[in-house]
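Here is a friendly walk through one model, written for someone who likes to see the cut-offs behind each term. Please keep the structure open as you read.

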Amino acid sequence: MIKDKISTFGEYIRGLRENQGLPLRKIAAQLDIDPSLLGKIEHNTRPPNREIIKKLAVIYNQNEDFLLSEYLSDQIAFIIIEENRDTDILKVAEKKVNYLKTKENA
């Protein structure tokens with residue numbers, strides 16, 4: 001799986017697993033979760049927690065910050081779609097993030 005290819009978090013980690021020829025149950029065992037839960041994460045019907053993301057980074061030798069960014073960007077995208085909003089909202093959010101960071105540092 002190529003990092004520059006657009007995919008969801010679940011698609012990305014499923015691709016990593018499949019590219020290594022690993023069965024779902026084996027990765028689920030390493031994560032200490034039920035295989036059905038991992039399947040739901042891979043199909044984007046259940047969100048992973050940060051501990052699972054951290055473990056996935058180790059298992060697949062991936063940068064943890066990259067995986068977290070992939071997951072969080074999915075969450076933002078899903079909210080925009082669910083609320084039927086335009087992506088212009090991202091520009092507003094970016095301005096607010098910058099404002100809140102300056103306010104926090106003051």
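Helix α5 covers residues 64–82, and its 19 residues should span 27 Å at 1.5 Å a residue, which agrees with the 27 Å between its end C-alpha atoms. The expected span of a helix is taken as 1.5 Å times one less than its number of residues. Helices are DSSP runs of H or I with at least four residues, numbered from the N terminus.

A word on the ground rules: this is a predicted model, in which local features need pLDDT of at least 70 and side-chain atom pairs count only at pLDDT 80 or more, while totals for chains, interfaces and linings use all residues. Residues are numbered from 1 along each chain as its sequence is written, and side-chain values use heavy atoms, with hydrogens and water left out.

**Around helix α5**

At the start of α5, asparagine 63 places a side-chain oxygen within 2.8 Å of the backbone nitrogen of aspartate 65. After the helix comes asparagine 84, with a positive phi near 55°.

Which residues of α5 are buried? They are Phe66, Leu67, Leu68, Glu70, Tyr71, Asp74 and Ile80. Here buried means under 20% relative accessible area, exposed means over 50%, and partly exposed lies in between (1.4 Å probe, protein chains only). These buried residues pack against α1 (9–19), α4 (50–59) and α6 (89–105), where contact means heavy atoms within 4.5 Å.

Glutamate 70 is a member of this helix, and its relative accessible area of 17% is why glutamate 70 counts as buried. Beyond its neighbours within four places in sequence, glutamate 70 is in contact with Ser7 and Phe9.

In α1, the buried residues are Phe9, Gly10, Tyr12, Ile13, Gly15, Leu16 and Arg17. Their cover includes α2, α3, α4 and α5. Glycine 21 follows α1 and has a positive phi near 65°.

The largest nonpolar core has 20 residues, of which Phe9, Ile13, Ile33, Leu56 and Leu67 touch the most other members. At least two residues of this core come from each of α1, α2 (24–31), α3 (35–42), α4 and α5. A nonpolar core is a set of buried Ala, Val, Leu, Ile, Met, Phe, Trp, Tyr and Cys residues joined through side-chain atoms within 4.5 Å. Isoleucine 33, with its neighbours within four places in sequence left aside, is in contact with Ala28, Leu38, Ile41 and Ile52.

**Aromatic pairs**

There are 2 aromatic pairs in the structure. Rings of Phe, Tyr and Trp (its six-membered ring) pair if their centres lie within 6.5 Å; planes under 30 degrees apart count as stacked, over 60 as edge-to-face and the rest as tilted.

| Pair | Centre to centre | Between the planes | Kind |
|---|---|---|---|
| Phenylalanine 9 and tyrosine 71 | 5.9 Å | 75° | edge-to-face |
| Tyrosine 12 and phenylalanine 66 | 5.4 Å | 70° | edge-to-face |

Phenylalanine 9 lies in α1 and tyrosine 71 in α5, so their pair ties together parts that are 62 residues apart in sequence. Tyrosine 12 in α1 and phenylalanine 66 in α5 likewise link distant parts of the chain, 54 residues apart.

Tyrosine 71 has a relative accessible area of 13% and is therefore buried. Tyrosine 12 counts as buried at 2% relative accessibility, and phenylalanine 66 counts as buried at 18%. Tyrosine 71 and tyrosine 12 are 9.9 Å apart in space, C-alpha to C-alpha, and 59 residues apart in sequence. Setting aside neighbours within four places in sequence, tyrosine 71 is in contact with Phe9, Pro47, Pro48 and Ile53.

**Salt bridges**

How many salt bridges are there? The count is 2, where a salt bridge is a side-chain nitrogen of Lys or Arg within 4 Å of a carboxyl oxygen of Asp or Glu. One joins the side chains of glutamate 42 and arginine 17, at 2.8 Å from N to O. Glutamate 42 lies in α3 and arginine 17 in α1, so this pair ties together parts that are 25 residues apart in sequence. Both glutamate 42 and arginine 17 are buried.

Aspartate 88 and lysine 91 also form a salt bridge, with their closest N and O atoms 3.6 Å apart. Aspartate 88 is partly exposed, at a relative accessible area of 44%, whereas lysine 91 counts as exposed at 54%.

Note on methods. Polar contact = N/O pair within 3.5 Å; in protein donor to acceptor, adjacent residues only side chain to side chain.
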